[in-house]
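The sequence and structure are shown first.

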Amino acid sequence: MKKIIGFLLVLLTIFPVVASGGCADNPKISSYNIEATFDGNTLNGKESVTFYNNTDNAFKELKFNLFGNAYRENAKYSPIIAQYENKAYYKGKSYGKTEILSVKKGGNDSEFEICGKDENILSVKLPEEVFPDESVTVEIEFSLRLAEVIARTGINADTINLANFYPILCGIENESFFECVYYGIGDPFYSDVANYKVKITLPKKYNVASAGKLTGASESEEAKTLCYKLDNARSFNMVLSEKFESVTASVNGITVNYWYYKDEKPEKTLEYATKSLAFFGETFGEYPYSEYTVAQTKLIAGGMEYPTFVTISDTLTEKERGEVTVHETAHQWWQSVVGNNEIKHGFLDEGLAEYSVVLFYENFPEYGMKREDMILSAETTYKTFCTVYDKLFNNVNTCMDRTLGEFTSEYEYVNLSYIKPCVMYDLLRKTLGDNKFFGGLKKYYSEYKFKNAEPCDLVGVYQKIGANAEGFLQSFIDGKEIL
């Protein structure tokens, strides 16, 4: 996610490409076949989920995140932090909810329960254990009622955001399912890659900006049905709007789409998307999908990343749209392809995405932003944060590697997950030199493609290429290095 505290704004605030939209079908990862109907307020869906056990453990149950339940009345954890509630709930408080109507296996009812810390988990009991290299398929019927809220999931005045709209398997960590709590700070998500087929029927008045590749479409008198396919992706997401217009370009054989309703220079935004997609592909490694889509919508933050699909806020200026688009595009490498547990290690993807913005502007001087100025701005912002927190609390915890629930504020999270790691990467680059620095990032991308990395994996990559970076990186991660 891109908070609107980028380099321009911090000083104001104190596998080969294939036609399916991803890589070829991989039988050894999980898959989703989702059919949904949307009526303008509620999405009713059925999904057939095949869980493939690629661990060394046996599973007696499957666990799914129910992110839609974060918007229900009396939720313990709000998806909107308090300072933004009035803006987000633009018509007053509104609630949504995910309801599980049935769970079946082989046509027979399966035992299930809604559990977790905040009714955020669907647990499906299996009649037989699923052993390593085995798979099991369950069918889930669900209903998602949307809140009227400016958020990742919800209805607002101009768009309908359908992120996290279906029950999604919890990511695997330490041979077991990791349950995500929907904290208001950061991106509280963690999932493994899977193959997706999605079919949605909705009123004809909506245009759809979506992840994946459109594989089929049909219309009736009042509705239309759209089919999508996306392989090797951590989630599937879309935005609907009656106001959408679109522009499209192609770069290196990749189709790039931009859906918008409030942009006087849409071609300029599309240019940022295409240039950054091409640049990051050359710098880090090949973009492994056949399509990439940027969608303008209402958001509290500046933008939000998903596999092959990102959203950017409709409140951004032309210059801000450029920076946010570049940041979210970088997330295609650092989170969509090389994943990480964003609840525990949010700085891994956010810091790399933020430094990728520096690299982009450094290599495209026509946009008028210099690496030296951007890093100086980041350093100034970070040092100001340290001073403020030291005065407020008589100390400042500069450890970057902690769970979202351990951050005291969004201000602290942004400085330790975006700003500090960005400065860290620039200092690492100066220490190692460009060849080893970029060589390490390329190796990190290739080794952890479609996997989930941890901080030690990033450190290990540099060790493998002969760069003595362990002490340097660890001092920043642990908070021993303040700057």
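Thr37 has Thr201 in E14 as its bridge partner. Strand E1 (residues 30-38) and strand E14 (residues 194-203) run parallel and are joined by eight bridges. Strands here are DSSP runs of type E with at least two residues, helices are runs of H or I with at least four residues, and both are numbered from the N terminus. Two strands count as paired if DSSP finds at least two bridges between them.

The model is predicted: local features need pLDDT of at least 70, side-chain atom pairs count only at pLDDT 80 or more, and totals for chains, interfaces and linings use all residues. Residues are numbered from 1 along each chain as its sequence is written, and side-chain values use heavy atoms, with hydrogens and water left out.

E1 and E14 belong to an open sheet of eight strands with mixed pairing, in the order E5-E4-E8-E2-E1-E14-E17-E16. The edges are strand E5 (108-109) and strand E16 (213-219), each with a single partner strand, so one side of each is left without a neighbour in the sheet.

## The four-stranded antiparallel sheet

A further open sheet has four strands in the order E6-E7-E3-E11, with antiparallel pairing. Its edges are E6 and strand E11 (168-169); each has a single partner strand, so one side of each lacks a neighbour in the sheet.

Six bridges pair strand E3 (residues 59-65) with E7 in the antiparallel sense. Phe59 stands opposite Val130 in E7, and Leu62 has Val124 in E7 as its bridge partner. Strand E6 (residues 112-115) also runs antiparallel to E7, through four bridges, with Cys115 opposite Ile121. The hairpin of E6 and E7 has five residues between the strands, and Gly116 takes a positive phi near 90° there.

## Salt bridges

The whole structure contains 31 salt bridges, each defined as a side-chain nitrogen of Lys or Arg within 4 Å of a carboxyl oxygen of Asp or Glu. Lys298 and Asp158 form one of them, with their closest N and O atoms 3.0 Å apart. Lys298 lies in the loop between strand E21 (291-297) and strand E22 (303-306), and Asp158 in the loop between strand E9 (153-155) and strand E10 (160-162), so the pair ties together parts that are 140 residues apart in sequence. Both Lys298 and Asp158 are buried. Buried means under 20% relative accessible area, exposed over 50%, and partly exposed in between (1.4 Å probe, protein chains only).

Asp426 and Lys430 form a salt bridge with closest N and O atoms 3.5 Å apart. They are four residues apart in helix H7 (residues 410-432), and therefore separated by about one helical turn. Asp426 is buried at 2% relative accessible area, whereas Lys430 is exposed at 54%. Salt bridges that share partners join Glu362, Arg371, Asp426, Arg429, Lys430 and Asp434 into one network.

## Surface patches

Val388, Leu392 and Phe393 make a nonpolar surface patch of about 280 Å². Phe393 lies in helix H6 (residues 371-393) and is partly exposed, with a relative accessible area of 46%. Patches consist of residues with over 30% relative accessible area and no salt bridge; like charges are joined within 9 Å, and nonpolar side chains (Val, Leu, Ile, Met, Phe, Trp, Tyr) within 5 Å. Accessible areas come from the Shrake-Rupley method with a 1.4 Å probe; for residues, only the protein chains shown count as cover.
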